[in-house]
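I opened this entry to keep track of what I looked up, step by step.

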Amino acid sequence: MPNFFWTPHSGYHWDYSPRRFFEGWYFRLTLPDAQATFAFMYSIDDPGGHSKLSGGAAQILGPGEQYLYAPLRDVQQFWAWRHRLGLGHWDQAIAAPARYLPPDQFHGSVQRGYQATATDHVGCVEDRATGAIARWQYTVEPIYGWGPVPGRQLATAGWLSYLPILEPGWQVLMAHGLATGWAEWQGQRYEFHQAPVYAEKNWGGAFPERWWWIQANTFAEVPDLTLTAVGGRRQVLGRSETVGLLGLHSQGQFILLNTLRDQMTWTVHPWGLWQVTASNHRYRITVQGKAEQSPATVRVPTLQGLQFECWDTTHGALEVAVWQRSPTGAETLVVKAYSDLAGLEVGGQGWDQEWQF
């Protein structure tokens, strides 16, 4: 198993306290040949079961950006590993209590629910409001975690993320991997071999005021290129601050730039345009994302539980350029790539006008 199986913060964070708490996971499967994606979003709110918000959910943004929402109310049927990536939530199951199941036994034991680890992902959920049903089962070969290869993997938000002062916490679990298996959406079956996958998570008791997010790991020119960029307003010891980050893996290299130590600017519109530049003494990276179509709306954690405060596309157009800088200041273009299957997102409050930083 690659060493980034132990990517920091892979395990479950709830400390059994009664305070407001959520944890959420995002897994993205991209099928370039079919021009389709599956974005799986799992969450658990107030898992102690003593709050009116207690419960979980599975959301999927599927092919054609169709949306599926399946609440999973019983927190006793949720499980997660403490020290590595593993979680699941049943709605109807033969197996009790909820626990990890060998993937080949899952569909025979669980009628509604999901299960995910670093190396396998399986589930069957239904949106009872629309009748939409999704089923899937695939294995994952991780390629990049979050950090140099080879090398110790990094906490996405730095060492402060180990202290209870940043809210919410955020971690890229797997910047790039390859998936083999199948997925069914509304009766249509997709079979795939070594399709790009991505995974991240967040957790805490406070919630971002607003944010933007870019993710892509399907570039024809550079097959193993993966990029994640984000900007947001987070809470630090009860105070709000704006932070941004850009991470890029390619050909075994890892480049990480952020607002805490590097130069980073952005202009992000309420919808349709994301322009980001990040640089230091070694690199300058420019990213431009565009979305021609209207956004899909998905639920995200808030103080009032899951709410429609996030606007997404999984079919964004993304251009990435990386220049390497010499000691004299001269720049050499080392990467230029394009994807038409980028994840582009804005969320939270304050999107009545563009955000410049």
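**Contacts and cores**

I started with tryptophan 136 and left aside its neighbours within four places in sequence; the residues in contact with tryptophan 136 are then Phe40, Tyr42, Ile60, His107, Tyr114, His121, Val122, Gly123, Cys124, Val125, Trp182 and Ala183. I note that the model is predicted.

I then looked up the largest nonpolar core, which has 42 residues. Trp136 is listed there with Trp25, Leu29, Tyr42 and Leu87 as the residues that touch the most other members. Which strand gives the most to this core? I found strand E12 (residues 188-204), with six residues.

I also found a second, separate core of 32 residues. Val268, Tyr283, Ile285 and Ala337 are among its members.

**Salt bridges**

How many salt bridges does a search of the whole structure find? I recorded twelve. I followed up some of them.

I looked at arginine 128 and aspartate 91, whose side chains meet in a salt bridge at 3.0 Å, N to O. Arginine 128 sits in the loop between strand E8 (120-126) and strand E9 (133-144), while aspartate 91 belongs to strand E6 (residues 86-93), so this pair ties together parts that are 37 residues apart in sequence. Is arginine 128 buried or exposed? I have arginine 128 as exposed, because its relative accessibility is 59% and the cut-off for exposed is over 50%. Aspartate 91 is partly exposed, with a relative accessible area of 33%.

I went on to arginine 112 and glutamate 126, which also form a salt bridge through their side chains, at 3.0 Å, N to O. Arginine 112 is part of strand E7 (residues 110-117) and glutamate 126 is part of strand E8, so the pair ties together parts that are 14 residues apart in sequence. I have arginine 112 as partly exposed at 21% relative accessibility. I have glutamate 126 as partly exposed too, at 24%. Buried would require under 20%.

I then checked glutamate 191 and arginine 189, a salt bridge in which the closest N and O atoms are 3.0 Å apart. Glutamate 191 is exposed, with a relative accessible area of 64%, whereas arginine 189 counts as partly exposed at 40%.

Which residues are linked with Arg189 and Glu191 in a network of salt bridges? I noted Arg135 and Glu184.

How values were computed:
Residues are numbered from 1 along each chain as its sequence is written. This is a predicted model: local features need pLDDT of at least 70, side-chain atom pairs count only at pLDDT 80 or more; totals for chains, interfaces and linings use all residues. Side-chain values use heavy atoms; hydrogens and water are left out. A salt bridge is a side-chain nitrogen of Lys or Arg within 4 Å of a carboxyl oxygen of Asp or Glu. Helices (H or I, at least four residues) and strands (E, at least two) are DSSP runs, numbered from the N terminus. Buried means under 20% relative accessible area, exposed over 50%, partly exposed in between (1.4 Å probe, protein chains only). A nonpolar core is a set of buried Ala, Val, Leu, Ile, Met, Phe, Trp, Tyr and Cys residues joined through side-chain atoms within 4.5 Å. Contact means heavy atoms within 4.5 Å.
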